[in-house]
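Here is a briefing on helix packing, domain contact and a ligand shell. Look at the structure before reading on.

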Amino acid sequence: MTATIMAIPRHAVTDTAAEAIHVQDLHKKFGALHVLKGVSLSARDGDVVAIIGGSGSGKSTLLRCINCLENPTSGVIRVNGEEIRLKPDGNGSTLPADRKQIERVRSRLGMVFQSFNLWTHMTLIENVIEVPVHVLGVKREMAIIEAEKLLARVGLLEKRHVYPAFLSGGQQQRGAIARALAVQPRVMLFDEPTSSLDPELIGEVLGVIGDLAREGRTMILVTHEMKFAREVATRVVFLHEGRVEEEGSPDAIFGSPKSERLQQFIRRVG
Ligand code: ADP
Ligand code: MG
């Protein structure tokens with residue numbers, strides 16, 4: 001594990017790599033509030049897609065739709081090649097997908113949120129083996145072997161029997177990443193994984209995410225860490241008021257942004 005952020009060489013994602021996530025013309029309304037206004041996005045195997053944008057632009061809602069935590073109002077979402085079935089609810093929106101499909105979709109995704117990721121009543125290793133053992137039917141002894149490997153990878157093996165309350169915020173987030181990896185997801189989804197951390201703890205979490213990116217792991221990463229996004233992303237998507245305002249390579253987005261709004265955003269946060 002690298003504790004510091006270094007210039008990470010970007011791997012090439014070939015044009016023929018399969019699509020792990022496909023989102024097309026996604027709309028989401030909360031009552032009268034039209035949050036996503038026709039978002040399209042895809043992540044091929046090996047892509048590290050960084051999503052940037054101001055507060056309230058719809059970044060979390062987008063990830064939550066992909067993970068079946070919200071029902072889209074309309075649009076197409078495919079995860080691992082499987083289209084999430086959206087049933088009209090008769091009021092211009094949709095009903096949740098069926099349980100079985102939600103479970104299947106989620107088992108292909110590893111999600112890490114801003115905070116409150118680990119179950120507080122379980123030790124770290126119990127957190128990591130919970131879904132493999134109780135949802136995926138992995139034998140407990142096998143799950144423990146895998147969990148120890150994952151915890152070693154995020155630098156937390158010696159903390160495996162500790163409860164989350166006794167871990168720092170950075171350790172908790174690294175534990176949450178290990179837990180998300182335990183389902184062997186095709187895609188990792190990160191929603192501002194460092195934004196609730198004290199500044200001195202951010203580097204260790206970005207270090208772990210950077211390692212995953214360098215290994216070629218497919219991910220969609222919502223982040224305010226622009227320098228990091230520029231280093232690890234294969235593609236950057238700028239969301240503004242529920243629309244993809246601009247997307248491109250990290251160098252294009254940060255080096256020569258075209259839209260006035262993106263230029264303003266980068267001046268403000270960069
Ligand atoms: P971001 O993650 O880019 O900051 P969000 O996706 O969290 O933005 O939110 C986009 C907009 O949708 C915001 O105006 C937010 O208040 C609204 N919103 C998000 N979730 C809900 C919800 N469950 N009910 C009503 N409004 C919501
Ligand atoms: Mg958000």
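Is the crossing of α3 and α5 left-handed or right-handed? The crossing of α3 and α5 is right-handed; a crossing counts as right-handed if the near helix is turned clockwise from the far one by less than a right angle, and left-handed if anticlockwise. The model is predicted: local features need pLDDT of at least 70, side-chain atom pairs count only at pLDDT 80 or more, and totals for chains, interfaces and linings use all residues. Residues are numbered from 1 along each chain as its sequence is written, while chains are lettered from A and ligands numbered from 1 in the order in which they are written.

**Helix α3 with helix α5**

- The axes of α3 and α5 come within 8 Å and cross at roughly 25°. Axes are lines fitted to C-alpha atoms, for helices over the stretch in contact, and angles run from 0 to 180 degrees between N-to-C directions.
- Helices here are DSSP runs (H or I, at least four residues), as are strands (E, at least two), numbered from the N terminus.
- α3 and α5 are therefore roughly parallel to each other. Angles under 35 degrees count as roughly parallel, over 145 as roughly antiparallel, 65 to 115 as roughly perpendicular and the rest as oblique.
- L124, N127 and V128 of α3 make the contact with G175, A178 and R179 of α5. Residues are in contact if their C-beta atoms, placed from the backbone, lie within 7 Å.
- By class, the contact of α3 with α5 has 3 nonpolar, 2 polar and 1 charged residues. Ala, Val, Leu, Ile, Met, Phe, Trp, Tyr, Cys and Pro count as nonpolar, Asp, Glu, Lys and Arg as charged, and the others, Gly among them, as polar.

**Helix α3 with helix α4**

- Helix α3 (residues 124-134) packs on helix α4 (residues 140-153) at about 130°, and their axes are 9 Å apart. That angle makes α3 oblique to α4.
- The crossing of α3 and α4 is right-handed.
- On α3, the contact uses L124, I125, V128, I129, P132 and V133; on α4, it uses R140, A143, I144, A147, L150 and L151.
- This contact of α3 with α4 has 11 nonpolar residues, no polar ones and 1 charged.

**Helix α5 with helix α6**

- Helix α5 (residues 169-181) and helix α6 (residues 199-214) have axes that come within 8 Å and cross at roughly 15°. That makes α5 roughly parallel to α6.
- α5 and α6 cross in a right-handed sense.
- From α5, G169, G170, Q173, R174 and I177 meet L201, E204, V205 and V208 in α6. The contact has 4 nonpolar, 3 polar and 2 charged residues.

**Domains**

- The chain is assigned domain 1 (17-108 + 200-270) and domain 2 (118-184). These bounds come from an automatic or database domain assignment.
- The C-alpha centres of domain 1 and domain 2 lie 26 Å apart.
- In the contact between them, 5 residues of domain 1 touch 9 residues of domain 2. α6 gives the largest share of the domain 1 side, 4 residues.
- That side of domain 1 has 3 nonpolar, 1 polar and 1 charged residues.

**Ligand 1**

- Around ligand 1 are F30, L33, V35, G53, S55, G56, S57, G58, K59, S60 and T61. A residue is near a molecule if its C-beta atom, placed from the backbone, lies within 6 Å of it.
- β2 (33-44) and α1 (59-66) are the elements that give two or more residues to this shell. The largest share, 3 residues, comes from α1.
- The shell around ligand 1 divides into 3 nonpolar, 7 polar and 1 charged residues.

Note on methods: Contact = placed C-beta atoms within 7 Å.
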